[in-house]
Amino acid sequence: MFTKTTIIGICVGAVILGIGAFAIIQSPPTLHTKNIDETIGIEKLATYQFTAPKSSHQYFKVTGEKFHVKLDTPANGIKKDEDFKNEVAFDWYVLQEGENKIAINNTGESELKFQGTFEQYGDPTYLAHNLLLLVTGVIIIGFSGAFSIRKPKGF
């Protein structure tokens, strides 16, 4: 026989479990396209770092007076460490899964415009958060069910 407290605990656990399951189904940790459109101030440094899977498409364009671009892609991919004027665009496919690093230093007297489209893996902290929700829901349901069988001493 379930008590009122046990039924409430099981319902709360089921809701938490449902939220975790819905979140995992809704946003699986797969490939995401991230669009960036930012302005880099005078004498500022902007860095972008992301993990991209093999054969994913990456693109960015920098527009401004003078700037330094350092681009490092995994394996034998693109390696650039040069100064540019006016505009430069990079468009590539990742040869090997790994960390892509972009550093842009504004060395001119005006702001830079950075536009990029990057295909990358989703944030693993979202997956960990959703798994934590699932585990929490199961634990709450388990404790609630256990309390209905035999109440521990002191409760």
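The exercises below, each with a worked solution, concern a predicted model.

**Exercise 1. The surroundings of Ser 56**

Find where Ser 56 sits along the chain, decide whether this residue is buried or exposed, and list what its side chain and its neighbours have to do with one another.

Solution. Begin with the position: Ser 56 belongs to the loop that runs between β2 (45-52) and β3 (57-72). Next, take its relative accessible area, which is 2%; because buried means under 20%, Ser 56 is classed as buried. Then turn to the side chain, which is joined to the side chain of Gln 58 by a polar contact of 2.8 Å. Finally, setting aside residues up to four places away in sequence, Ser 56 touches Trp 92, Tyr 93, Val 94 and Glu 119.

**Exercise 2. The largest nonpolar core**

Which residues touch the most other members of the largest nonpolar core, and which strand supplies the largest share of this core?

Solution. The core has 21 residues, and those touching the most other members are Phe 60, Ile 102, Ile 104 and Phe 114. At least two residues of this core come from each of β1, β2, β3, β4, β5 (98-106) and β6 (112-121), while the largest share, five residues, is that of β3. To see one of these residues in its setting, consider Phe 114, whose contacts beyond four places in sequence include Ile 36, Tyr 48, Phe 60 and Ile 104.

**Exercise 3. Salt bridges**

How many salt bridges does a search of the whole structure find, and which parts does the pair of Asp 37 and Lys 113 tie together?

Solution. The search finds three. In one of them, the side chains of Asp 37 and Lys 113 meet at 2.9 Å, N to O; because Asp 37 lies in strand β1 and Lys 113 in strand β6, this pair ties together parts that are 76 residues apart in sequence. Another joins the side chains of Asp 72 and Lys 79 at 3.0 Å, and here Asp 72 is partly exposed at 30%, as is Lys 79 at 48%.

How values were computed. Residues are numbered from 1 along each chain as its sequence is written. This is a predicted model: local features need pLDDT of at least 70, side-chain atom pairs count only at pLDDT 80 or more; totals for chains, interfaces and linings use all residues. Side-chain values use heavy atoms; hydrogens and water are left out. Helices (H or I, at least four residues) and strands (E, at least two) are DSSP runs, numbered from the N terminus. Buried means under 20% relative accessible area, exposed over 50%, partly exposed in between (1.4 Å probe, protein chains only). A polar contact is a pair of N or O atoms within 3.5 Å; within protein, one must be able to donate a hydrogen and the other to accept it, and residues adjacent in sequence count only if both atoms are side-chain atoms. Contact means heavy atoms within 4.5 Å. A nonpolar core is a set of buried Ala, Val, Leu, Ile, Met, Phe, Trp, Tyr and Cys residues joined through side-chain atoms within 4.5 Å. A salt bridge is a side-chain nitrogen of Lys or Arg within 4 Å of a carboxyl oxygen of Asp or Glu.
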